[in-house]
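Take a walk through this structure with the sequence beside you.

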Amino acid sequence: MGPRLDGSTMTDHGITGGVHSAPFQAWLAPVARRAEAVVLPLMALLVGFAVFSLFLVVQGKSPAEFFGLVYKAGFGTAFSWQNTLSRTAPLLFAALCVALPARLGLVVIGGEGAIVLGGLTAGVLGVALAGLPAALALPVMVAGAAVIGGLWIGTVGALRYFRGVNETIASLLMAYIAIALMNHLVEGPFRDPASLNKPSTAPLTDALRVGDIPGWDVHWGLLVGVVACVFSWALIDRTTWGFAARIAGGNVGAAQVQGLPVGRLILGFTALGGAFAGLAGFFEVTAVHGSANASLASGYGYTGILIAFLARHNPLAIIPVAILLAGFEASSGLVQRRMDLPDATTLVLQGIVFVAILISDTFYGRFRIFAPERWSKP
Amino acid sequence: MPMHPFTRRGFLRSGAALAGAAAVSPLSMRPAAAAGDLTVGFIYVGPKDDFGYNQAHAEGAAAIKAIEGITVVEEENVAETTDVQKTMESMINFDGASLLFPTSFGYFDPHILEVAPKYPDVRFEHSGGLWSADKHPSNVGSYFGYIGMGQYLNGVAAGHATKTKKIGFVAAKPIPQVLLNINSFLLGARSVDPSITCQVIFTGEWSMAVREAEATNALADGGADVITCHVDGPKVVMETAASRGAFLCGYHADQSPLAPDMYLTGAEWNWAQVYTDMINKTLAGEPIDNFVRGGLADGFIKMSPLGPAVSDASRAQFEATKAEIMKGGFAVIKGPLKDNAGNVIAAEGQAFAETDVTLESMDYLVEGVIGSTS
């Protein structure tokens, strides 16, 4: 049974005189556990909204109007959905860069660095390979972005495993290095001389631009991001590698005693997360900007941290949470314009929800309704 | 910020954007949806009370709110990503905006160029871009001002105020617009005393308060006693420099409230006039030119009022130089002139007037500027 249960096993209760029969509980317990994993974050979200509503009321603003605008601008019209979904793609990748290492108990918050360097790599390779057919050049650009992103965050994992360097601080500081490196290269060796007042790499040819999903105003990065989330879920939930990672994340000592390859797991999961972040950069350059420049560092990596924590590092849950957060961001402009609230309002909402989710983590296993084996106890 | 009241009315509560706007706006109590009604959207890359680039544009936006039939919608802190594309479309779809001013340089390519073809009835006016007829959509225009002239006048005031003969410049990035400002500032000072030098420090970012403060302190440590800058928000540079006892020359907007005694003058944008002209043309049904440039004489830029520390001699030369610039054809970059690596920029008798397009691809620092573009 899962580690979230209170330590006792179900057979104990079955034998020691529960009212319910043991087989009944046997199928009920996992269901209850999943219900707990859905209900608690939802409750936390509602509590967060309630606290945020208080914040609005204190300022003399109407919470109803606020949430009405969020709905309208984030989800209410076809344009709103396209707005929301086109912001979702980079967030999916950025959240995976946090969620995958998190399954090993590592808190990596520097995905921004891998996004920036992945984008730079895609931009530079795109210029170098401009003569090749797109069918050859694009895969090389994808691979380059993923490898550089993977190396960057994989280095964080290596520093952790081999040298004991705190991965949270290392990844954050390395993100600053990545941004500085990108700025240096874009303003120096890789600068297109024609990019006068906005230093950039040379523009990609049209053949190397990734387009929109037919019929939508949303680029292909969204679909690839969803596939990446499903893939990551399958890796964690359906493979022995994922199982081993979850063991190591729960108790490194136990995992080592069992002979699990903790080092390779740490390197593999951090590198995979970094590779996904690198893909976010690839899509930013090929689908949005058309060249690599300072606009690559626009904070997706940091929003990804929030999404991964809200999704409790479950890659499947990342999909709806990323869409929700993208909807908040899509609506922040309309909220600013209609309610005269500052841009930071959305950040306040995100911050309050984040704290509510963190607090809700302490409530797992505290509600008897989610623990069928305890229903019979007084 | 009491001296910059950007209060926006609580308009647009109903969903029907245009009709709603006309009905709620206190300026249009007459029957709604008159032919002249126009919703104008302003988009800023940073906060609109930053004492700098964004505030200068927001002051322009505030000026046109007073025009009858105009509804202004504004959004600040909009990133140069998908974010700005969707903000433009949101203003068009939800607010009924038909004239947009996305004001940050990085909004132009690819973002405005991506969105504009989808909305041929909407006009996109961009600050700083180089619109060209054969490459860009006809519903896009770009406008900018010759603010290097303002930095030259800053330099004149600085040249009189400096005692150490060292002046300082905190710069964001070594790009043409910034390099022209640095060179102009030094050459203005050298028109007072040819022995003056200017130390420049690049922070590498448009908005990075910590590095701007460090750079300012480093300039003061090196003996610079007049400091100016070209970053998005000059507030940190101005306050830090004043606390170190250096005189200030402002940029983008009027920073004199930050340190009234130390503020000499400043090179300001005068977007209020530019925007009012554009709005009046639009309301009258006349087209706006796709490529608009202007200087001090055209009212695109203006100088902050001279501060109390400016001497009479300084004032006299400042006013004389200003009058010279107002006549038009004034050249800051003129021969004989070398860059600070010894290469000849302009031979004897050669001059680049403010309107010269080659100045928009400047890649050098002139002799007397201490610093490097790479």
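The paragraphs below take the structure one part at a time.

This is a predicted model, in which local features need pLDDT of at least 70, side-chain atom pairs count only at pLDDT 80 or more, and totals for chains, interfaces and linings use all residues. Residues are numbered from 1 along each chain as its sequence is written, while chains are lettered from A and ligands numbered from 1 in the order in which they are written.

Start where the chains meet. Here 25 residues of chain A are in contact with 31 residues of chain B. Two residues are in contact if their C-beta atoms, placed from the backbone, lie within 7 Å. On the chain A side, the elements giving two or more residues are α4 (78–102), α7 (167–187), α11 (262–289) and α13 (315–339). Helices (H or I, at least four residues) and strands (E, at least two) are DSSP runs, numbered from the N terminus. The largest share of that side, six residues, comes from α13(A). By class, the side of chain A that touches chain B has seven nonpolar, eleven polar and seven charged residues. Ala, Val, Leu, Ile, Met, Phe, Trp, Tyr, Cys and Pro count as nonpolar; Asp, Glu, Lys and Arg count as charged; the others, Gly among them, count as polar.

Now look inside. The largest nonpolar core has 217 residues, and Ala95(A) and Ile318(A) have the most contacts inside it. α11(A) gives the most to this core, with 16 residues. Such a core is a set of buried Ala, Val, Leu, Ile, Met, Phe, Trp, Tyr and Cys residues joined through C-beta atoms within 7 Å. A residue is buried if 20 or more other C-beta atoms lie within 10 Å of its own, exposed if 12 or fewer, and partly exposed in between; the C-beta atoms are placed from the backbone. Leaving aside neighbours within four places in sequence, Ala95(A) is in contact with Gly304(A), Ile307(A), Ala308(A), Ala311(A), Ile318(A) and Ala322(A).

Turn to chain B. It is divided into domain 1 (17–145) and domain 2 (148–267 + 306–370). These bounds come from an automatic or database domain assignment. The C-alpha centres of the two domains of chain B are separated by 31 Å. Their contact takes nine residues from domain 1 of chain B and nine residues from domain 2 of chain B.

Next, the strands of chain B. Strand β1 (residues 38–43) and β2 of chain B pair in the parallel sense over six bridges. Two strands pair if DSSP finds at least two bridges between them. Thr39(B) stands opposite Thr71(B) in β2(B). How many residues of strand β2 (residues 70–75) of chain B are buried? Six of its six residues are. Ile70(B), Val72(B) and Glu74(B) cover one side, with Thr71(B), Val73(B) and Glu75(B) on the other.

Seven strands of chain B form an open sheet with mixed pairing, in the order β12-β10-β9-β8-β6-β7-β17. β12 (301–303) and β17 (369–370) of chain B are the edge strands, and each pairs on one side only. Inside this order, β6 (residues 166–171) and β7 (residues 197–202) of chain B run parallel, joined by six bridges. Ile167(B) stands opposite Cys198(B) in β7(B).

End at Met362(B), in the loop between β16 (351–353) and β17 of chain B. Met362(B) counts as buried because it has 24 C-beta neighbours inside 10 Å. Not counting residues up to four places away in sequence, Met362(B) touches Pro176(B), Leu179(B) and Leu180(B).
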